[in-house]
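I'd like to walk you through one structure, so please have a look at it with me.

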Amino acid sequence: MASASNIETKIQDAFSDLMEKQSFSSVRVTAIIENSHISHRSFYRFYQSKYDLAIDFFSKQLASAVIIGGKKATFKDVMIIILTIIKSHPRLYGNLLSDDEGAKILPDILTKLSTNWTGFSPAWATTIINTNLLIDWSNNHFASPVEKIYTQFVYNLPAYELLTKEELDVRIQQYESRMSGDFIKHDNKNLYK
């Protein structure tokens with residue numbers, strides 16, 4: 001009799017093999033079950049749907065960056081490893097990100113990854129922005145260097161994740177006290193039409 005971890009590995013391996021060949025929306029639970037040589041009951045003992053499987057699979061794969069980086073890895077180190085994992089599997093991630101159904105679950109994957117790694121959920125808007133960033137990267141066949149994508153990720157982090165409350169309060173107060181004319185850098189006649 002196969003152990004629980006062996007069955008789960010078979011399911012994830014079958015899912016990965018299918019995702020290498022086709023879009024996420026084309027992957028069917030019946031094909032995963034058939035390719036993993038398990039019963040329907042065994043599949044549903046581990047996952048409620050292919051969506052649950054995908055979120056678990058991709059978040060675990062990306063979370064391996066924390067293990068690879070080790071305890072002394074910086075945030076940047078881990079993020080570079082995560083982006084390298086994505087770029088190193090262009091068919092797998094391309095078939096997820098180029099598919100509308102697959103792209104819709106990416107925020108859940110990123111949220112689970114962040115929550116498990118950092119202990120808190122990222123701002124939803126940041127997750128959506130980063131999802132779009134990864135989709136654009138995929139649409140360009142992951143041509144941009146990992147470091148460039150990392151920089152774009154960092155620029156999308158909300159200020160409250162980067163600054164202490166005191167620093168954030170000072171910055172907000174500085175911003176709130178700016179005059180309207182400070183924002184106008186060119187002749188904006190259309191504003192008053």
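Let's start with the largest pocket, which has 22 lining residues, and those nearest its centre are Phe75, Met79, Ser114, Asn130 and Leu157. A quick word on where this comes from: the model is predicted, so local features need pLDDT of at least 70 and side-chain atom pairs count only at pLDDT 80 or more, while totals for chains, interfaces and linings use all residues. Residues are numbered from 1 along each chain as its sequence is written, and side-chain values use heavy atoms, with hydrogens and water left out.

A pocket here is found on a 1 Å grid over the protein atoms alone, as an open set of points where a 1.4 Å probe fits, with protein on both sides within 12 Å along at least five of seven lines; lining residues have an atom within 4 Å of a point. The volume of the largest pocket is about 400 Å³, taken as the space filled by probe spheres set on the points, which are joined across faces, edges and corners.

Which helices each supply at least two residues of that lining? They are helix 5 (75-88), helix 7 (100-118), helix 8 (124-139), helix 9 (146-155) and helix 10 (159-162). Helices are DSSP runs of H or I, at least four residues, numbered from the N terminus. By type, the lining has 16 nonpolar residues, 5 polar and 1 charged. Nonpolar covers Ala, Val, Leu, Ile, Met, Phe, Trp, Tyr, Cys and Pro; charged covers Asp, Glu, Lys and Arg; the others, Gly among them, are polar.

Next, the loop between helix 8 and helix 9, where we find histidine 141 and phenylalanine 142. Most residues other than glycine have a negative phi. Histidine 141, though, has a positive phi of about 60 degrees, and phenylalanine 142 has one of about 55 degrees. Are these two buried or exposed? Histidine 141 is exposed at 69% relative accessibility, whereas phenylalanine 142 is buried at 4%. Buried means under 20% relative accessible area, exposed over 50%, and partly exposed in between, with a 1.4 Å probe and protein chains only.

Now to helix 6, residues 90-97, where 6 of the 8 residues are buried. Those are Leu92, Tyr93, Gly94, Asn95, Leu96 and Leu97. Their cover includes helix 1 (4-21), helix 4 (50-69), helix 5, helix 7 and helix 8, with contact meaning heavy atoms within 4.5 Å.

Leucine 113, in helix 7, is buried too, at 8% relative accessible area. Leaving aside residues up to four places away in sequence, leucine 113 touches Ser59, Leu62, Ala63 and Ile82.

Finally, the aromatics. How many aromatic pairs does a search of the whole structure find? It finds 11. Rings of Phe, Tyr and Trp (its six-membered ring) pair if their centres lie within 6.5 Å; planes under 30 degrees apart are stacked, over 60 edge-to-face, and the rest tilted. Phenylalanine 46 and tyrosine 47 make a tilted pair, 6.5 Å centre to centre with 40 degrees between the planes. Ring pairs also join Phe15, Phe24, Tyr51, Phe57, Phe58 and Tyr93 into a cluster.

Lysine 50 sits over the face of phenylalanine 24, at 4.5 Å from the ring centre, and over that of tyrosine 51, at 5.7 Å. That call requires NZ of Lys or CZ of Arg within 6 Å of the ring centre and within 35 degrees of the ring normal.
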